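Hi,

Here's the structure I promised to send over. Have a look first, then read on for what turned up.

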Amino acid sequence: MEIEKQLELDLAASYRQNLQDLSSLLEQFGYTVVPFNDASLPHFHKLSREHQVDVEKALGVYVNTLRSEYVSGSFDQERFVMQFLFRMGILSSDDLHETIRSEKYIQIYNRDQLQIFRSLACYERCSFTLEQLTTRPWFDLWERDSLFYYACYGLAATALKIMKFTKLRLDFPHHKVTEQESAFGYSFEYKIKSLSALTRQGKLQAALLVEDWKF
């Protein structure tokens with residue numbers, strides 16, 4: 001029992017440090033994002049042990065990948081996305097390079113519908129803490145009209161659990177989304193442009209969304 005408790009503390013400490021490191025890195029790119037509101041990390045501790053491990057790993061990979069982009073001195077979003085996937089051991093479709101090229105708004109969600117990646121442009125309209133972003137499913141983060149909520153939820157549930165696909169081009173109309181339980185409750189117009197499958201050993205691990213934001 002003591003060993004398990006220590007492992008939990010070590011995991012939380014690593015996650016907390018990664019949140020702080022990411023906040024500092026984002027500052028270097030011109031984005032101010034708070035790592036957490038409470039150092040005890042209440043959102044993180046609400047997750048199951050399995051989900052905590054997944055979240056901590058993905059955050060660590062994200063931080064290290066972004067740090068390598070910063071150190072290089074020449075940020076390249078396409079490289080940022082592909083390096084993140086490579087370090088996560090997740091495979092993409094052959095045409096993903098073409099799919100994400102010149103796109104600003106990209107987010108990746110795992111099978112539990114938790115965000116594991118977001119492009120830097122997505123921080124332009126963000127008043128969540130980094131803890132909130134990495135521990136809460138998308139449907140708890142943003143409020144939207146019920147019609148779009150059920151359409152997006154149905155798409156996510158189908159894509160991540162049932163559908164066999166490589167890439168879906170979508171024609172979702174722009175609709176208003178509003179941050180829930182964030183510092184400023186930002187709103188913006190949101191549209192999903194495409195959804196790409198990401199796999200490991202032939203099994204679906206995550207989905208990459210190319211989006212359009214207007215604010």
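To start with the strands: in which sense do β5 and strand β6 (residues 187–200) pair, and over how many bridges? The pairing is antiparallel, and four bridges hold the count between β5 and β6. Within that pair, V177 sits opposite F188 in β6.

Keep in mind that this is a predicted model. The chain's average pLDDT is 89, with 87% of the residues scoring at least 70.

Strand β5 itself (residues 175–179) is mostly covered, with four of its five residues buried.

Now the helices. The axes of helix α3 (residues 49–72) and helix α4 (residues 77–88) come within 9 Å and cross at roughly 140°. That angle is why α3 counts as oblique to α4. The crossing of α3 past α4 is right-handed. On the α3 side, the residues making the contact include K57, V61, Y62, L66 and E69. From α4, R79, F80, Q83, F84, R87 and M88 take part.

Cheers

Definitions and conventions:
Residues numbered from 1 in each chain as written. Predicted model: local features only at pLDDT ≥ 70, side-chain atom pairs only at ≥ 80, totals over all residues. Heavy atoms only, no water. pLDDT = per-residue confidence, 0-100. Buried < 20%, exposed > 50% of the residue type's maximum accessible area, 1.4 Å probe, protein only. Helix = DSSP H or I, 4+ residues; strand = E, 2+ residues; numbered from the N terminus. Pairing = 2+ DSSP bridges. Axes fitted to C-alpha atoms, helices over the stretch in contact; angles between N-to-C directions. Parallel < 35°, antiparallel > 145°, perpendicular 65-115°, else oblique. Left-handed = near helix turned anticlockwise from the far one by under 90°. Contact = heavy atoms within 4.5 Å.
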